[in-house]
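The following report describes selected features of one structure. Please keep the sequence and the three-dimensional view at hand while reading.

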Amino acid sequence: MHISDGVLPLSVTLGSYAAGALVTAWSARRIHSRDLPKVAVVTSAFFVASLVHIPFGPTSAHLLLPGLAGALLGPAAFVSIGLGLLLQSILFQFGGITALGANAVMMGVPAVICGWFFQQFKGSTRLRQAIAGGLAGALGTALAAIFLAALLVTGGEDFFGVAKIALAVHVPVIVIEGVVSGFTIGFLARVKPALLQSSFQDAAGSVHD
Amino acid sequence: MGTIIGDMPIFCVRNLCYAYPDGIQALSGVDLDIFSGDRIALVGQNGSGKTTLVKLLSGLLAPGQGDVLYKGKSLDGEHLNNSRLNIGLLFQDPDDQLFGHTVIDDVAFGPRNQGKSGKAAALCAKQALHRVNLEKLAYKEPHNLSYGQKKRAALAGILAMEPEVLILDEPTGNLDPGQEAVFLDLLKAFDGTLICISHDLIFLYELCQKAVVLHHGSIHHNYTMRELVSQRSALRDHGLDFSFRMTIPAIEMPAHEENGKNGCGALSDADAGALNNPSGPLPLVRLENYGYVYPDGTPGLQDLFLHIHEGEKTALVGENGAGKSTLLACLCGLRQGSGDLFFKGTRMTRKRHKDLWRRAGLVFQDCADQLFCASVKEEMIFGLRRLGLSTDECRHRAAAALARVGLAGFEKRVPLHLSGGERKRLALGCVLAMDPDLLILDEPTAGLDPRGEEQLMAILETFDKTLLLVSHDLFFIEKLTHRTLVMHQGRVIRDLPTPVFMQDDKLCRFNGLSFSYRQRTATAIRQLQHEHEHRHPHLHIHDHTHRHGRTVHAHPHEHLHDHPHRFVHTHPGGTKTHDHAHRLVHDHDHPGHEAEPHDHSHE
Amino acid sequence: MLLGRFMTDLQYIQVPLWYLPLLVLIPAAVAAGVVSWLGRRARTRVVPENDPDWSVPPLTQGRGQGTSLIHRWDVRCKILTMLAYSFAVASLRHLDAAALAVLFSLAVLMVARVSFHKVMLRLAALAGFMGMLLVVMPLTVPNHPGDTIVVFGSLDWLGVNVRGGILAATIAAKATAIALLMEPLLSTAPLPMTLYGLSRLGVPDMAGQMVLLSYRYLHVFTHEARRMTAGMQARGFAKKTNMDTLRALANFLGMLFVRSFERTERVFDAMQARGYKGRFPDPGQLQLRLSDIFIAGIWVAAGTGLVFFDWLKG
């Protein structure tokens, strides 16, 4: 769920813009500057992935994927998620332009944390990677929900109810996200393990300049 | 950027080796000289290292060992940056190349990098777009273009840079014959050095003079295109023998006029037969006044009346965008149009439509769209489980289907890591395992090398149920089908027996389906491959075990023979009486030779 | 509940129980209907496929197709002014000020003559979050002294706090006012031009280029995803709430990522092969005219006026 315009107090929107800019700068410095176009292209894949709806009883939920983005992209995940959210905002009006900073912090910081978590605990067997991926996926969504609730609460007592409901709504999503992330990481571990090395970090690769 | 002095090659490759980081040795010991103005066909099986070589030539990869010299200097540093602006590389998938926001932005990207101002670059871009006949679409976003247009836009992006060298990776993949002919003309008009990767020897024969054959990462032959296509056994060794395609009778005969007339007569008969045939057995598929309109209002299919009978083998041809894919999607339940679709006499209501996948199996053009599991076994089981079969039955059927497509023992392999031909056969196996009443193949030969095509053909020839084949490939159509439907602008405009379609040159040229240059070229190649038995003294080079006194050993050595034999050779004059003395070393089977006594000197 | 504590300071409006369906359910049903209709219409207009959510509305078509005041406005001025104005609107606290902002946005829409259809799409996207706020806030806002509570018949526990409703309505109005401006902001100049404007305002060049690249490949991956979905459906895949579906979707995502990373490498190769060395060429020149600053002045005045009006109300 994205925060729209006009929900958060002005100080919080501006503050989270500043925080978002700082983390973006940190994240961008962890990427080789020549690789930034690659991050952009990969971002569109995550964007498309996040539009996939997963049926849940009579309704459906769409994936948030901060955990998976963190696991696959590492620190670059923040830039990628910020870019994705900007596109969602300007293309679809999902999340307001003034709340972009808040949304980026809400989704991006959990992604970076999950990326770290995944790289720490992925181990070497496929099963372990899948489990670590699943945990990272669940953790990412859970953290995002907590960030969302925390941001809403800055609006004062009046928003407590909304925050609680937002948290409650995310519970099934956390489960789904965890399972899907686990399976996806398991699939990648089998099919293309190179992707689990958090891309774009050691940029040199095989391309010379 | 110096000028070329005398006979210095523009590319000079010496002892080039390259291994990918995962340890796969893609190239080893490649030596190659390419001269300015050469037109070189780079051929070889899938996985023989063609793309790697091309990437090395354009400086996208650095040699692991050996040298790649462009104009005498090795490709790195400042020289690489400058050279890139002179070496145009056209990728197989135009979407990889068109990364600009609009077509003109994209085409101007190269000229801007060459240091031209915004206006000058835009002018270059416009001229290049004019050359490929796309100036009207200059301000469109690339995703609004059709595939053929994208391909031409990508070419414009290269031509705008006025490159000295043009490197093409599968330039004709997925193009319909009409667009292919357009593309061929564009490339013929290019006057620089040209290096072209393709499996399509007919296309290459038209475009290139020289041929370089890569085999397992090293160069096996480096000679003229004419020599390459005329030597069947060499082609065969490299999995490139496309001459199995040349046995089409339709291509042999030049008597078009008479056949054209016959075609027209047969055409109306066939139309009448296929359309007004209420009696007889119940058709497997019957479309009554079927139509499909895209949600944005463009008509996809219109006024379709169509019967396909059980066991019938039907081809569906038409230019890109004629509505073939839409029809396929309707037939296997991916889309639902207006009008009636009957399957074995049952009308497909909205609800039954969702179950059409059980009866009609579709093999997609691009395997990557169809294969998404982590192992071959899972891939096979995926559809079977959805049919509601028991685990045992699933396993049994999967094993049978894998054996049928020649992939027995592949269960544990990862589909993504298989070769192109294996992936295609796996996709086919997945569909065959589900035992559909109707098998639909969408461009099955796209991206396959000739050996892959031959293997696929062998499987399909044994298929005995109803087949609907969408293809631009006349050979597959001829070989596999008895009936051809021609689609144009969402309608089936002709419904003929395949032999009639094959002979009707006018029809082939109709609606952008110009197969004519292919027929012309195929005839030319056939003449090059002329084969008959004759007798004259000739040399053989053999490698076999033999005895010299006490030593038994094997090594290549020459013999002079005089015995009758068959071999493929050219007839420059085309006359019946001809002289074979100019080719002394012959390349033909020599049964029983080892038993013959022979003698030769040993130095 | 908190209800008891402030009982004395609260103003109650007792309405008969049958008002409940009238006041809550019917508007909710109508709103849901309108939203889903809008959404469906919007999707069918844009996507030629049955899975609707991958629609990508085109931001700009062609170049310079509009001639309105907003179209001719210098893109740097436009971005700066509209962003500052958006923040001003977002800071409003009163419903009437927010409503004024909506009126102003509507006026801008009239001037800019942008596609009404696309504006509607944006509002439809907002509807979910806003609807949630409008339903949840009146029921969950703590009751303060002076609040008005509407109680339906004998259903004491279902006190609808009018203040909460107004709060939610204010947020919805602010969000609407800003969302209405997005279309004039973004579709009155080609996207590369807008992004170039941003880069001239000090945002790193690469950021704009990354937006363009993502936007471009969004379409490519959307098509890939669609074809893969078709591939799965052709073998009988249908989404259900079960483990098999999750596993299949995970494979789908995995393949999508594998293909996207592979494509990324190829795109990068193609860029390098055409001379990319870490920088993109600039798209064009920008020139600031007096009229640009004049229009910016009007906006700033409007924004300041709104904030001042809001401040006057306490």
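Strand S13 of chain B is mostly covered, with five of its five residues buried. The burial applies to both faces: B:Lys313, B:Ala315 and B:Val317 lie on one side, and B:Thr314 and B:Leu316 lie on the other.

**An open antiparallel sheet**

Chain B also contains an open sheet of four strands, in the order S12-S11-S14-S15, with antiparallel pairing. Its edges are formed by strand S12 (299-308) and strand S15 (346-347) of chain B, each of which pairs on one side only.

Within this sheet, strand S11 (residues 285-293) of chain B runs antiparallel to strand S14 (residues 338-343) of chain B, and five bridges join them. B:Arg286 is found opposite B:Phe342 in S14(B). In general, strands of a sheet pair through backbone hydrogen bonds, in either a parallel or an antiparallel manner.

Helix H7 (residues 160-191) of chain A has 32 residues. From its first C-alpha to its last it reaches 45 Å, close to the 46 Å expected at 1.5 Å a residue.

**Contacts between chains**

The contact between chains A and C takes 57 residues from chain A and 61 residues from chain C. On the chain A side, H2(A) supplies the largest share, 13 residues. This side divides into 37 nonpolar, 14 polar and six charged residues.

Between chains A and B, eight residues of chain B are in contact with seven residues of chain A. The residues on the chain B side comprise seven nonpolar, no polar and one charged.

**Confidence in chain A**

Chain A has a mean pLDDT of 88, and 94% of its residues reach 70 or more. Confidence is highest in helix H6 (residues 126-153) of chain A, at 94, and lowest in strand S2 (residues 59-62) of chain A, at a mean of 76.

Over residues 202-209 of chain A, pLDDT stays under 50. Where pLDDT is low, the predicted coordinates should not be read in detail.

Key: Residues numbered from 1 in each chain as written. Chains lettered and ligands numbered in written order. Predicted model: local features only at pLDDT ≥ 70, side-chain atom pairs only at ≥ 80, totals over all residues. Helix = DSSP H or I, 4+ residues; strand = E, 2+ residues; numbered from the N terminus. Expected span 1.5 Å × (residues − 1). pLDDT = per-residue confidence, 0-100. Contact = placed C-beta atoms within 7 Å. Pairing = 2+ DSSP bridges. Nonpolar A, V, L, I, M, F, W, Y, C, P; charged D, E, K, R; others polar. Buried ≥ 20, exposed ≤ 12 C-beta atoms within 10 Å, placed from the backbone.
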